[in-house]
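My notes follow the structure.

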Amino acid sequence: MKPTLMNIKKHIPNLLTLGNLLCGTLATIAAVNSDYLTAASLVVLGIVFDFFDGFAARLLKVSGELGKQLDSLADMVTSGVVPGIIMFQLFTENAVGSFESLTFFPYMGLILTLAACYRLANFNIDTRQSESFIGLPTPAMSLFVIALPLIPLYSDNQFFIGLVQNNYFLIGVTLVLSYLMNAEIPLFSLKFKTFGLKENLLKYVFLIASIIMILTLEVISIPLVIILYVVLSVGSNLRSKKV
């Protein structure tokens, strides 16, 4: 009985990882069909699976190389392929009726997919990222991108709608996110070892500010929360160097 139980336990995290991959595959289909709400919902669900597969592996003490590789492969679809396709679709829709539709503009979105692939491969061999991140995690990039097409659908803020419908802005977003994923920029982790205010002040500030933005700005808050995460991390790094 015990060996059988152990065999079942070791596959639970992998099944959760495959749930992430399934969500990413279905989100890809939705993104190709410009069903952005479904794609975004599936990506978020995939990220939830991605969180709990690692949690389950640690809880059951069944972490292994297979799980690590499966995790990156699933993330490549959910947080690599899907945002690339969504950005491709946004470029294409914005370019209808203009000279941009005759150029390479839409394919610029796929730079995100390539950058995500490079980051995930590098993450697997980088031993420095066990407690925190170096470079923007692919799920954070994916959340930023999947929120963009939802802004014109679920917000009446003309400023942000105008940004999303501007291909030159989207080029900038694509290049900056691709850079941030692979940049040597330490980003703080949201894992709490203790709950003391002094040692977790940065995390508390981020969480409180994020909640306020989500409640007041709704879908617009998602990319702003990611920006805040990077800005606070960079500020913390600069402060540490001065000290």
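I started with the side chain of Asp 75, which makes a polar contact with the side chain of Asn 20 at 3.0 Å. I took a polar contact as a pair of N or O atoms within 3.5 Å, where one must be able to donate a hydrogen and the other to accept it, and residues adjacent in sequence count only if both atoms are side-chain atoms. The model is predicted, so I noted its limits: local features need pLDDT of at least 70, side-chain atom pairs count only at pLDDT 80 or more, and totals for chains, interfaces and linings use all residues. Residues are numbered from 1 along each chain as its sequence is written, and side-chain values use heavy atoms, with hydrogens and water left out.

I placed Asp 75 in helix H3, residues 65-94; helices (H or I, at least four residues) and strands (E, at least two) are DSSP runs numbered from the N terminus. Which side chain of opposite charge is nearest to Asp 75? I found Arg 119, 8.4 Å away. Asp 75 is buried yet has no salt bridge. Buried means under 20% relative accessible area with a 1.4 Å probe, protein chains only; a salt bridge needs a side-chain nitrogen of Lys or Arg within 4 Å of a carboxyl oxygen of Asp or Glu.

For the whole chain, I noted that buried residues make up 44% of the 243 residues. The chain has 10 helices and 2 strands, in the order α-α-α-α-β-α-α-α-α-β-α-α from the N terminus.

Terms used
Buried means under 20% relative accessible area, exposed over 50%, partly exposed in between (1.4 Å probe, protein chains only). Lys and Arg count as positive and Asp and Glu as negative; His and the chain ends are not counted.
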